[in-house]
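Hello,

Here is the structure we talked about handing over. My notes on it follow below.

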Amino acid sequence: MELEGKAAIVTGAGRGAGVGIARVMAREGARIAVVDRDFDAAQQVAAALVASGAQALAIRADVSKKADAQAMAEQTQEAFGAIDILVNNAGVGGTASFMRDVTEENWDRVMDVNAKGILFCCQAVLPAMTARGKGKIVNIDSIAGMRMAFFSSVEYTASKHAVTGLTRHLAWELADLRINVNAVCPGGILTPAIETYATPERRAAIVERVVPLGRFCAPEDIGEAVCFLASARADLITGQLLAVDGGALTGYGEDLRAVLRTRVSETRAAAQPQATAAAKSG
Ligand SMILES: NC(=O)c1ccc[n+]([C@@H]2O[C@H](COP(=O)([O-])OP(=O)(O)OC[C@H]3O[C@@H](n4cnc5c(N)ncnc54)[C@H](O)[C@@H]3O)[C@@H](O)[C@H]2O)c1
């Protein structure tokens, strides 16, 4: 098990991607503080982890409030005696679809959680990680932090570029403390959040157009990438963005898929005579 005995905080783990991240980390032996501003949801997830044999506790915290982030770190330290890993997953989407309609209130709401929340949580775990002499921070960014959002509006893209900046900057600042800071950049994840942005038909059409591997991420796909970056296998990796997006960022959507499909049929056609010849001689 890759994270045996490690004490981990996963924010926003009451539903969606955070649940998948918590499950995969628990499978790898980590003790999980399930943090969410929705305490009932956090308690349900923590109870399910405990029922599966893991160690877990639920913590209520709004990551955009500095005092909550501090209390979250204190409760985790008290329960587990350490904080080895922080996964900054809590995040919210934008609402308006065009920049003309973005309100100041919405800009602040998205920035407060997605950007300021990460700063506050990193500040909160710093003493525990410094005392430990090492630590791993994994930020859940987005491919919107590398390019732009598919579903959401400009404040979401801007907030995720802030996550990219926090990741790169803090990787430098915290390197001497042996704290690695990396980000996972998901493409579309099948979570309640994405269901509010697009109907199943629209989602299928988007996958068809832009995801070469042919499906959205499951929450556990994000968990696997987080586990790697939080493990000793990634000790020399810091300041990096790891896209988990079915290949969406590698290409140019529909055009690329059309080209690939032609190449796939050509490859299949070329392989056919060889396979027939091999079958005859074999
Ligand atoms: N769903 C996607 O397609 C997608 C794609 C790329 C990146 N992401 C990112 O993945 C992360 C998780 O997204 P999701 O789709 O699972 O979202 P979600 O809305 O399904 O779940 C988010 C969870 O975070 C909690 N939360 C929100 N604000 C909080 C706060 N201030 N303090 C504490 N908890 C808070 C919510 O209560 C909820 O339980 C986010 O950072 C999101 O930006 C999602």
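Serine 159 is found in helix H5, residues 154-174. Helices here are DSSP runs of H or I with at least four residues, strands are E runs of at least two, and both are numbered from the N terminus. This is a predicted model, where local features need pLDDT of at least 70, side-chain atom pairs count only at pLDDT 80 or more, and totals for chains, interfaces and linings use all residues. Residues are numbered from 1 along each chain as its sequence is written, and side-chain values use heavy atoms, with hydrogens and water left out.

Back to serine 159. Serine 159 counts as buried because its relative accessibility is 0%. (Buried means under 20% relative accessible area, exposed over 50%, partly exposed in between, with a 1.4 Å probe and protein chains only.) A polar atom of the serine 159 side chain lies 2.8 Å from the backbone oxygen of tyrosine 156. A polar contact is a pair of N or O atoms within 3.5 Å; within protein, one must be able to donate a hydrogen and the other to accept it, and residues adjacent in sequence count only if both atoms are side-chain atoms. Not counting residues up to four places away in sequence, serine 159 touches Val110, Met111 and Asn114. Contact means heavy atoms within 4.5 Å.

Now the ligand. There are 27 residues around the ligand, and Arg15, Ala17, Asp36, Tyr156 and Thr191 come nearest. A residue is near a molecule or strand if one of its heavy atoms lies within 4 Å of it. H5 and helix H6 (192-197) each supply at least two residues of this shell. H6 gives the largest share, three residues.

- An N or O atom in the side chain of aspartate 62 is 2.8 Å from a nitrogen atom of the ligand.
- A polar backbone atom of valine 63 is 3.0 Å from a nitrogen atom of the ligand.
- An oxygen atom of the ligand lies 2.7 Å from a polar side-chain atom of threonine 191.

The protein buries 92% of the 830 Å² that the ligand exposes when taken alone. Those areas come from the Shrake-Rupley method with a 1.4 Å probe; for residues, only the protein chains shown count as cover. The ligand takes up the space of the largest pocket. Pockets are found on a 1 Å grid over the protein atoms alone: a pocket is an open set of points with protein on both sides within 12 Å along at least five of seven lines. A molecule sits in one if more than half of its atoms lie within 2 Å of its grid points.

Valine 63 is buried, as its relative accessible area is 8%. Beyond four places in sequence, valine 63 is in contact with Thr11, Ala90, Val113, Gly117, Phe120 and Cys121.

Next, proline 219. This residue is in helix H8. At 15% relative accessibility, proline 219 counts as buried. Leaving aside neighbours within four places in sequence, proline 219 is in contact with Gly16, Ala17, Gly20, Ile21, Ile189, Leu190 and Thr191. Glutamate 224 also has its place in helix H8, residues 219-230. Glutamate 224 counts as partly exposed, at 38% relative accessibility.

Then the loops around H5. Serine 142 is in the loop between strand E5 (135-140) and H5. Serine 142 is buried, with a relative accessible area of 7%. A polar atom of its side chain lies 2.8 Å from the backbone nitrogen of alanine 144. Outside four places in sequence, serine 142 touches Tyr156, Lys160, Val184, Cys185 and Pro186. Arginine 178 lies in the loop between H5 and strand E6 (179-186). Arginine 178 is exposed, with a relative accessible area of 53%. Its phi is near 60°, a positive value in a residue other than glycine.

Last, alanine 115 in helix H4, residues 104-132. Alanine 115 is buried at 12% relative accessible area.

Best wishes

Terms used. 1 Å grid on protein atoms, 1.4 Å probe; cavity = no way out; pocket = protein on both sides within 12 Å on 5 of 7 lines; lining within 4 Å.
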